[in-house]
Amino acid sequence: VDMNPRQNALLQLKIAAISKLDHSDFFQLFGRGYHLKAKEIYQDCLRSNLDDITQLYWDEKINLFQPNFLSPGFYFRGTAGWVARFLGEYIQIKGLFPSLDRAFRARSLEEQRAIYYEELKPYFWNKVLRWSTRRGLMMSALGVPRCQFLQVEEHYPGGMARFIEDGLDAVFAHLSLKDNYFYHLYLFGHYGEDCAPDYLLPQNFKTLKERVGRIQTHTMSILDFLQQCGHRIHKATLLDHMDWLYAKHKNILHKQWQQLIQLTDVGSKIIWRSASLKVDFIDPIPLLDGRPLSSLLKYDLSLAEKLHQMDRVHTYGSFSIAEVQT
């Protein structure tokens, strides 16, 4: 469920590619982020499996997967992609790619930590980059909404700059990089053969082909979806969109939860993330009978905190797991 039709257009293209391509071509497109025959593959194998609106989008945009002198591939497109390219140029100029490669291939966490503190962090965290992270415009280019930027600035000791520094320290010095496909993609511009999301791994491709028909996309708000879905919901992932709703549309946030609770059963699980260190705007939401939402949610605080510390991106202030009660 996404209000952005481009997100669902990308998912629909992946669904078509899973259905029609072998793993080699699929990984070249979505793992490497480019394919020299992207246009031909799209026209011959994928286009007919897309709806009319999605076809119109990819008829114009399939060239995003074709490398050119401006961009080496799909993952360097868009605003965040341009920031990634800038970072890549900076890493290239400073000669840091060999150190990065050794960090991702380190045989132990101690070896990885030493490379980070001795060879990478002094260049990652200089005065210019510190200054940039304090600017809302730079964070916006990276996909951080202003409301989340302000939440971190207000509540995190040291503000956004310290939040990012602490996050990078956690990722590069305390968590193994070997399977951190998030940073591998952002720093190198592509996934690795053995450092990629599960859906890109060859051992999972057969299962994907068998089950990809179960996926449905809905280009609408979550509230609109809940009002028309017509079935029970047992698990829901709300990501971080509630930060934005709380900042600008509290009434929609309240209606969304009221509708969601009506569609869940005892034991249904709901998870979400937030830029806030502590989410204090969910529990007080009034249910239709006047009770606060907290009366129906049981939080697994210990598991949520454990998983939050294991997060391989470290760009959120908190993670929540809630189970619906009677």
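1. His23 is buried, with a relative accessible area of 18%, where buried means under 20% relative accessible area, exposed over 50%, and partly exposed in between (1.4 Å probe, protein chains only). His23 belongs to helix H2, residues 23–30; helices (H or I, at least four residues) and strands (E, at least two) are DSSP runs, numbered from the N terminus. With neighbours within four places in sequence set aside, the contacts of His23 are Leu200, Leu201, Pro202 and Phe205, a contact being heavy atoms within 4.5 Å.

2. On the basis of the model: this is a predicted model, in which local features need pLDDT of at least 70 and side-chain atom pairs count only at pLDDT 80 or more, whereas totals for chains, interfaces and linings use all residues. Residues are numbered from 1 along each chain as its sequence is written, and side-chain values use heavy atoms, with hydrogens and water left out.

3. The chain contains 17 helices and 4 strands. For 326 residues, a compact globule would have a radius of gyration near 20 Å, and the 21 Å of the chain agrees with this; the radius is taken over C-alpha atoms, and the globule rule is 2.2 Å times the number of residues to the power 0.38. Along its principal axes, the C-alpha trace spans about 60 × 50 × 35 Å. Of the 326 residues, 44% count as buried. Among contacts between residues at least 6 apart in sequence, 68% join residues at least 24 apart.

4. The 4 strands form an open sheet of mixed pairing, in the order S1-S2-S4-S3; two strands pair if DSSP finds at least two bridges between them. S1 and S3 stand at the edges, each with a single partner strand, so one side of each lacks a neighbour in the sheet. On average, neighbouring strands are turned by 20° against each other, direction ignored.

5. The pairing of S1 with S2 is parallel, over 4 bridges. Within S2, Ile270 is the bridge partner of Ala236, and Ile271 stands opposite Thr237. Helix H17 (residues 301–310) packs on the sheet and touches S3 and S4, its direction making about 145° with that of S4; axes are lines fitted to C-alpha atoms, for helices over the stretch in contact, and angles run from 0 to 180 degrees between N-to-C directions. S2 and S4 pair in the antiparallel sense over 6 bridges, and Ile271 has Ile321 as its bridge partner in S4.

6. Helix H16 (residues 250–263) has 14 residues, which at 1.5 Å a residue should span 20 Å; its end C-alpha atoms are 20 Å apart, in agreement. The expected span is 1.5 Å times one less than the number of residues. The buried residues of H16 are Leu253, Gln256, Trp257, Gln258, Gln259, Leu260, Ile261 and Leu263. Their cover includes helices H14 (222–228) and H15 (241–248), together with strands S1 (233–237), S2 (264–274), S3 (297–299) and S4 (318–324).

7. On the cysteines: the structure holds 0 disulfides, a disulfide being a pair of cysteine sulfur atoms within 2.5 Å. Cys195 counts as buried because its relative accessibility is 3%. Cys229 likewise counts as buried, at 15%.
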